[in-house]
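Q: I would like to go through this structure with you. Could you take me through the strands, the pocket and the overall dimensions in turn?

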Amino acid sequence: MLLLLMLVSKELQLYCLYNTKDSYFLRIAPVKMEVLSLNPYIVLYHDFILPREQGSLKAQSIKYLSVAETIYPDTGEWQADSSRTAKAMWFEDSSAEVISRISQRIEDITNLNPEKGELYQIINYGIGGLYETHYDYLYENEDRHKELPDRMATFVFYLQDVPQGGATLLNNISLSVFPKAGAALFWYNLNNAGDTEWNVAHTACPVIVGSKWTINVEKRFI
């Protein structure tokens, strides 16, 4: 009975709302926000990227996609990794119209400085495409404050629906988020103490039917 009450209590803490308070802009254009987890804090924003923006991002990138690479913090090099089966490209021009609008929305809903982040990366997963379980942080706790600023938070934007498969799985809390066109998934990679948030290990599950398009960005310390 105690376990049941604890589970019910946890579920009651999760909620959906129209966020109108985090910036002045949201008072006239509230964003649909679904809290998926409080510990760790994970939020899904609905209808975050407009349909025309989704199409524009895919059209701009499709000619430039190449094998997705993974960064190795020890060397700072990007290399192909067998744990990742996808194609990707980086948006080098952060002032591009669509990217600029997305950055402004991120600032509106999180108050994170849009200039304190990495380049946006668009990723396409075909049939069977996946990214095995991993974290987005770069440095271990003992080295984090000796190195360049670490990745404090992650945004994953979904650019189209996936008929089957392709979920983002938060392994340690058994949370699956399936791609929904226009939605944006957000979590913190570090906790309040600036240490690794171990419960945000995540997996890009294999695409079974269709194609999965995302655009990702990691935000660094303010």
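Q: What is the strand order in the open sheet of five strands?
A: The model is a predicted one. In this open sheet the order is 7-10-16-13-14, and the pairing is antiparallel.

Q: Which strands stand at the edges there?
A: Strand 7 (84–85) and strand 14 (175–177) do. Each has a single partner strand, so one side of each lacks a neighbour in the sheet.

Q: How many bridges join strand 13 to strand 14?
A: Three bridges join strand 14 to strand 13, which covers residues 168–170, and the two run antiparallel. Within this pairing, leucine 169 has serine 176 of strand 14 as its bridge partner.

Q: And in general, what holds paired strands together?
A: Strands of a sheet pair through backbone hydrogen bonds, in either a parallel or an antiparallel arrangement.

Q: Changing topic: what is the volume of the largest pocket?
A: The largest pocket holds about 660 Å³ of space. It is lined by 37 residues, and those closest to its centre are Tyr131, His134, Tyr135, Asp136 and Arg151.

Q: Which elements give two or more residues to that lining?
A: They are strand 5 (69–72), strand 9 (120–125), strand 10 (130–134), strand 11 (151–158), strand 16 (202–204) and strand 18 (212–220).

Q: How does the lining divide by class?
A: The lining of the largest pocket comprises 14 nonpolar, eleven polar and twelve charged residues.

Q: Let us follow strand 18. Is it largely enclosed or open?
A: Strand 18 is largely enclosed by the rest of the structure, because eight of its nine residues are buried.

Q: How many bridges join strand 11 to strand 18?
A: Seven bridges join them, and the two strands run antiparallel. Alanine 153 stands opposite lysine 219 of strand 18.

Q: What about strand 9 and strand 18?
A: Strand 9 also pairs with strand 18 in the antiparallel sense, over five bridges. Here asparagine 124 has tryptophan 213 of strand 18 as its bridge partner.

Q: Back to strand 5, then. With which strand does it form a hairpin?
A: Strand 5 forms a hairpin with strand 6, with four residues between them. In the turn, glycine 76 has a positive phi of about 75 degrees. Strand 6 covers residues 77–80, and the antiparallel pairing with strand 5 extends over four bridges. The bridge partner of threonine 70 is glutamine 79 in strand 6.

Q: Now the whole protein. How many helices and strands does it have?
A: It has three helices and 18 strands. Of its 222 residues, 46% count as buried.

Q: What is the radius of gyration?
A: It is 17 Å, which agrees with the value near 17 Å that a compact globule of 222 residues would have. The C-alpha trace spans about 55 × 45 × 35 Å along the principal axes.

Q: Which residues does the UniProt domain annotation cover?
A: The unreviewed UniProt entry carries the annotation "domain: Prolyl 4-hydroxylase alpha subunit" over residues 40–220. Over residues 40–220 the chain is 14% helix and 39% strand, with the end C-alpha atoms 18 Å apart.

Q: One last item: where does leucine 17 lie?
A: Leucine 17 lies in strand 1, which covers residues 16–19. Leucine 17 counts as partly exposed because its relative accessibility is 32%. The C-alpha atoms of leucine 17 and serine 95 are separated by 31 Å, and the two residues are 78 residues apart along the chain.

Terms used: Residues are numbered from 1 along each chain as its sequence is written. This is a predicted model: local features need pLDDT of at least 70, side-chain atom pairs count only at pLDDT 80 or more; totals for chains, interfaces and linings use all residues. Side-chain values use heavy atoms; hydrogens and water are left out. On a 1 Å grid over the protein atoms alone, a cavity is a set of points where a 1.4 Å probe fits but cannot get out, and a pocket is an open set with protein on both sides within 12 Å along at least five of seven lines; lining residues have an atom within 4 Å of a point. Grid points are joined across faces, edges and corners, and a volume is the space filled by probe spheres set on the points. Ala, Val, Leu, Ile, Met, Phe, Trp, Tyr, Cys and Pro count as nonpolar, Asp, Glu, Lys and Arg as charged, and the others, Gly among them, as polar. Two strands pair if DSSP finds at least two bridges between them. UniProt positions are given in the numbering used here, feature names are shortened, and annotations may be inferred rather than shown by experiment. The radius of gyration is taken over C-alpha atoms; the globule rule is 2.2 Å times the number of residues to the power 0.38. Buried means under 20% relative accessible area, exposed over 50%, partly exposed in between (1.4 Å probe, protein chains only).
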